[in-house]
Structure formats: structure tokens, C-alpha cells
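Please read them with the model open beside you.

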Amino acid sequence: MTIRKMLFASVAVACAIGPATAFADTSGKKIALSNNYAGNSWRQAMLTTWDKVTKQAVSKGVVAAADPFTTAENQATEQAAQIQNLILQGYDAIVIDAASPTALNGAIKEACDAGIVVVSFDGVVTEPCAWRIAVDFKGMGESQVDYLAKKLPKGGNLLEIRGLAGVSVDDEIHAGIEAGVKKNPQFKVVGSVNGDWAQDVAQRAVAGILPSLPEIAAVVTQGGDGYGAAQAFAAAKRPTPTIVMGNREDELVWWKQQKDKSSYETMSVSIAPGVSTLAFWVAQQILDGKQVKKDLVVPFLRIDQDNLEANLANTQKGGVANVEYSLEDAQKVIAAAK
């Protein structure tokens, strides 16, 4: 089953913008992307997908501009200053992947007060004037432990690899893993490191903690860290545990190799980087006068043993399993929230 079928099994979704669609109310509007971090494959895929989809929209006259901006450091103060600059530059909407759920609220309120539409995604914000496009990250974390409970009914020791400290996504996935362990007390988290959603960082962090850990039955993750964990276990000459993957191409390639060699089993789960394009279309619809609820939810992408090969075939080398959202996708998500 393809990724799109997993997300929208009941409908056939067109990725192109239909020539007959009118966008009279937004053809002169400018939308900006405020991104706080670009240091891993997920963020790179997110920016690439944004660039591809929004360039098509600009070329077809849907909006006048859709410019991406990324801060040099993952600092909320720097992103707040970036948002204030975007206000001064006259953007009509700002789409935000936020460094913090609360620290940007002041700058976001300034944008709203200036009549600017603000749509947050992935790293969402709590400012009431903003819209939020969220994945059930807590459910994503809990689903990992639920899977392990079926695969390893006797339980065992877990190593948890977390993401970027202080980001809401990290906190929510961690809370889900905690909830899963509470529900399945045969598992125990015996070690935790921050992998920053990057394979190289995760590999170093896991390598640093492994000598102090007992036997590990499984590794619970957040995405962008599974392959690095596998490399650290191999380098330490320790048995490879069940490592939950995060939909990155290198993780899926490694999983396929282990599956072919020894019937290695695991699962993979993450948010699609293309959620940025869903946020773009939601912002466009709000600018076009549509009534949109403040909180929208999209499903996470899960890959299992039986559809690994199909999903790997559709994942770009060095990239992440992805979905490019269309206007029609956004309209369905908006309608589903009513």
C-alpha cells in the first residue's frame, strides 16, 4: 500500500492545481514560511517539498509569493525576531514550524494584530489567534510501545532516543512513550539520550551511553535516529535490538537489508515532511475567506513489515517517506474538522 493510500484510502487525490480553479482573492497575497531548524533530513525534505509545491502555486497565480526563511540556530528568540521582520516585510500569512509552543506567542500576537494569518504546523504554538496543524505525536509515541508489546510480550529494557530538547514535538512523543510503558509495565526505560532527529547525533549519543546500559530489548525513537542507533550497536558489538524507525530512506534501506538477511522485524513511524504544504494550502484557504477551525489534525505515516518495499521504492534517496499535499487535501482536512 502506498503512503497516499495509507492516508487517503477512500479518495483519489490530485496533486496538480486544476486550471479551472479560481483564486481571485489570493493572487496578490504573499505567504512566508518561518522555520526554526534545518539540520536533519526531515527538515530538508520539508523545505524541498515546500519549494516544489509553492513554486507551482506561484507560477499558476494562486499567490504572489511563498518565501521560506530558516533561522541559523534553533533559538526561539531568533525566530521571534524573524517573525517580526516578516511582519515589516508585508506578508499576508506566515506559516510556522515553531521552536517553542509558547516563546513565540508575543511575536505571533503582533502578526495577528497586524492582520496577518498565522498557521503553525509540526512544532505548533499556543497563541489563540494562530491556527495549528498537528499530528497526534503522543499517539505516535504510544504506538511504538504498543507494537513492541505485541512483538515482545515478555517485555524488556528500552533505550529512548529523544529529539530536540525544548520542542513541543519531543515532549509529546516522550509523553506517549511514557504512557505506553505505563500501560505495558513489562517494559522499562533504562536510558535516554537526545538525538536531535539526526542520524549522526543519535549515533554519537547512543555510542556514549551504551557502555553503561544492560541488555536492550528495543529502542524507541522519534525519527531520524534509527539508523544511527543501529550503527552504534554494531560498533559496540552488541546484539541489535528491535529499533523503531522514523521513515528516513537510510533507515528503510538498512531495515530492508536486515529483513532480507535475517527476517529482522520492526516498524517505522513519523510525520510526513510535506505537512508544510498542507499548512500552505490552509493559509491560502483562510486568505481566500474560508472558515477554518483553529485546530486541524493529520495522521502520521506508519510503515510495517508487509509494506516496507513499496514505501522504500517511493522514498527519494537521502530523503524521507513523504506526501505532497494538494489544495484538495487541505479542503478535505478542513471539512473533516467541522
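1. Let me begin with Lys-290, which is partly exposed at 36% relative accessibility; buried means under 20% relative accessible area, exposed over 50%, and partly exposed in between (1.4 Å probe, protein chains only). Its partner in a salt bridge is Asp-288, with N and O 2.8 Å apart. Asp-288 has a relative accessible area of 14% and is buried. A salt bridge here is a side-chain nitrogen of Lys or Arg within 4 Å of a carboxyl oxygen of Asp or Glu.

2. A word on the ground rules: this is a predicted model, where local features need pLDDT of at least 70, side-chain atom pairs count only at pLDDT 80 or more, and totals for chains, interfaces and linings use all residues. Residues are numbered from 1 along each chain as its sequence is written, and side-chain values use heavy atoms, with hydrogens and water left out.

3. How many salt bridges does the rule give? The count comes to 14. One of them joins Arg-43 and Asp-122 at 3.7 Å, N to O. That pair links distant parts of the chain, with Arg-43 in helix H2 (residues 41-59) and Asp-122 in the loop between S4 and S5, 79 residues apart. Both Arg-43 and Asp-122 are buried. Helices (H or I, at least four residues) and strands (E, at least two) are DSSP runs, numbered from the N terminus.

4. Another salt bridge pairs Lys-183 with Glu-142, their closest N and O atoms being 2.9 Å apart. Here Lys-183 belongs to helix H6 (residues 168-183) and Glu-142 to helix H5 (residues 137-151), 41 residues apart. Lys-183 is partly exposed, at 46% relative accessible area.

5. Now the sheet: six strands form an open arrangement in the order S2-S1-S3-S4-S5-S11, with parallel pairing. Two strands pair if DSSP finds at least two bridges between them. At the edges sit S2 (65-70) and S11 (295-298), each pairing on one side only. Neighbouring strands are turned by 20° against each other on average, direction ignored; the axes are lines fitted to C-alpha atoms, for helices over the stretch in contact, and angles run from 0 to 180 degrees between N-to-C directions.

6. Strand S4 deserves a look. S3 (residues 93-97) joins S4 through four bridges, and Ala-93 stands opposite Val-117. Three bridges join S4 (residues 117-121) to S5 (residues 131-135), where Phe-121 has Ile-133 as its bridge partner. Is S4 buried or exposed? Five of its five residues are buried, with Val-117, Val-119 and Phe-121 on one side and Val-118 and Ser-120 on the other.

7. On a 1 Å grid over the protein atoms alone, a cavity is a set of points where a 1.4 Å probe fits but cannot get out, and a pocket is an open set with protein on both sides within 12 Å along at least five of seven lines; lining residues have an atom within 4 Å of a point. There is one cavity of 30 Å³ or more. The largest cavity holds about 120 Å³, and among its 13 lining residues Asp-122, Val-169, Trp-197, Arg-248 and Ile-271 are the closest to its centre. H2, H5 and H6 each supply at least two residues of that lining.

8. The largest pocket has a volume of about 280 Å³, a volume being the space filled by probe spheres set on grid points joined across faces, edges and corners. Its lining has 15 residues, with Ala-45, Thr-48, Thr-49, Gln-316 and Asn-322 nearest its centre.
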